[in-house]
Amino acid sequence: MSSPMSPDPRPGGRPPKRRGLVVAVAAAVAVVLVAAAALAVREFRQRGEDQVSVGGVPVAGPPSSSPSGSASCDGGANGDLRFDTEMTGTDGEQVPYSVSLPADYYTACKTYPVLYALHGRDQSNATFLPEAERLRAGVEAGALRDVVIVTPDSNKDGRWEGVYDTHFIDDLIPHVESTYRVEPGAAQRLLVGWSMGGHGAFRFGVEHPDDFAAVWSVDGAMSREPSSYLEFLDGVKAEQPQIRLVGGDLNGDRVEQVVNLFAQQGVDFPYQRLPLGHDFKLFVEADQQADWATLRWMDSQLGRQL
């Protein structure tokens, strides 16, 4: 075996300059990509862009082990207004979630209601946060009081059942209310769900009818067995949860099946069918065009007795 100073074993004894050049170029490219990714993440967090990518590949901010949105307030603190983080569930598993704080969170020593927004299939807490933040336009319009927005995660599954039910209801909600400066209690919680998250929001609304002030299910990919929701019928009749549903071109029929099924049992949920494609942005814009009718209704439910 030749040493680093030995003649090159290849014919002609030429030194391996080409290989060294390739390695150097590859290393330089790697450094550039890492730097570009870091810059994209910073832009994503500071500017709140819907999509940031490097070389066509979406980039999401890495979880933060110590979120900057503390429950305390000294009037002069500052920090990130949006971030991805995680907490440890009672089962020892990590529970990812993302947070969007009001613009005055660090300067106004006050508490806020919480709006939880559930993503659809093949999405995550991080990718859905920019979508959920579209609802802040309703805050700016005066239709909804300022809120802390939290997007939980269901590991891209989107069914929001089983372990994801436990992680959300039993683990994440108490964690949020003890970690951030928010109004505690069900009367100060709103729930919005999109697509599979629309199914999740409706299911949480009927399964835990006294855990949220108001629920909006948006073009929900409802269960193929709609009668499965009826196991929660007694609680729904007793607690009368405030749930509204809207369906579009993709899932409207499935939503109507569920609405009609409950109507047959004497429970009427307000429902609207809109000729819209399967895009959360379109439904938010439709509500804006209707003078934020749904967000105004949700705001009116905050603080009601539960």
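Predicted model: local features only at pLDDT ≥ 70, side-chain atom pairs only at ≥ 80, totals over all residues.
The overall figures come first. The protein chain has 306 residues, and 48% of them count as buried. It holds 9 helices and 10 strands. Take the contacts between residues at least 6 apart in sequence: 72% of these join residues at least 24 apart. The chain exposes about 15000 Å², with carbon and sulfur atoms supplying 51% of that area.

Now the strands. Please look at β4, residues 94-100. This strand is mostly covered, with 5 of its 7 residues buried. β4 pairs with β3, residues 82-88, in the antiparallel sense, over 7 bridges.

Next, the aromatic residues. The structure holds 14 aromatic pairs. I will take one of them, phenylalanine 168 with phenylalanine 212. The ring centres are 6.0 Å apart and the planes meet at 20 degrees; under 30 degrees counts as stacked, so this pair is stacked. Phenylalanine 168 lies in helix α4, residues 163-179, while phenylalanine 212 is in the loop between α5 and β8, so the pair ties together parts that are 44 residues apart in sequence. Both phenylalanine 168 and phenylalanine 212 are buried. Ring pairs also bring in Tyr116 and Phe204, which form a cluster with Phe168 and Phe212. A charge over a ring turns up elsewhere on the list: arginine 181 lies over the face of tyrosine 105, at 4.2 Å from the ring centre.

Last, helix α7, residues 252-264. It has 13 residues and reaches 18 Å from first C-alpha to last, close to the 18 Å expected at 1.5 Å a residue. Which residues of α7 are buried? They are Gly252, Arg254, Val255, Val258, Val259, Leu261 and Phe262. As background to that spacing, an α-helix has 3.6 residues a turn, so residues three or four places apart point the same way. And what covers the buried residues of α7? The cover includes helices α5 (196-207) and α6 (233-239), together with strands β9 (243-247) and β10 (271-273). After α7 comes glycine 266, with a positive phi near 90 degrees.

That is where I will stop.

Note on methods
Residues numbered from 1 in each chain as written. Heavy atoms only, no water. Helix = DSSP H or I, 4+ residues; strand = E, 2+ residues; numbered from the N terminus. Expected span 1.5 Å × (residues − 1). Buried < 20%, exposed > 50% of the residue type's maximum accessible area, 1.4 Å probe, protein only. Contact = heavy atoms within 4.5 Å. Phe/Tyr/Trp six-rings, centres within 6.5 Å; stacked < 30°, edge-to-face > 60°. Lys NZ or Arg CZ within 6 Å of the ring centre and 35° of its normal. Areas by Shrake-Rupley, 256 points an atom, 1.4 Å probe, with all protein chains shown as cover. Pairing = 2+ DSSP bridges.
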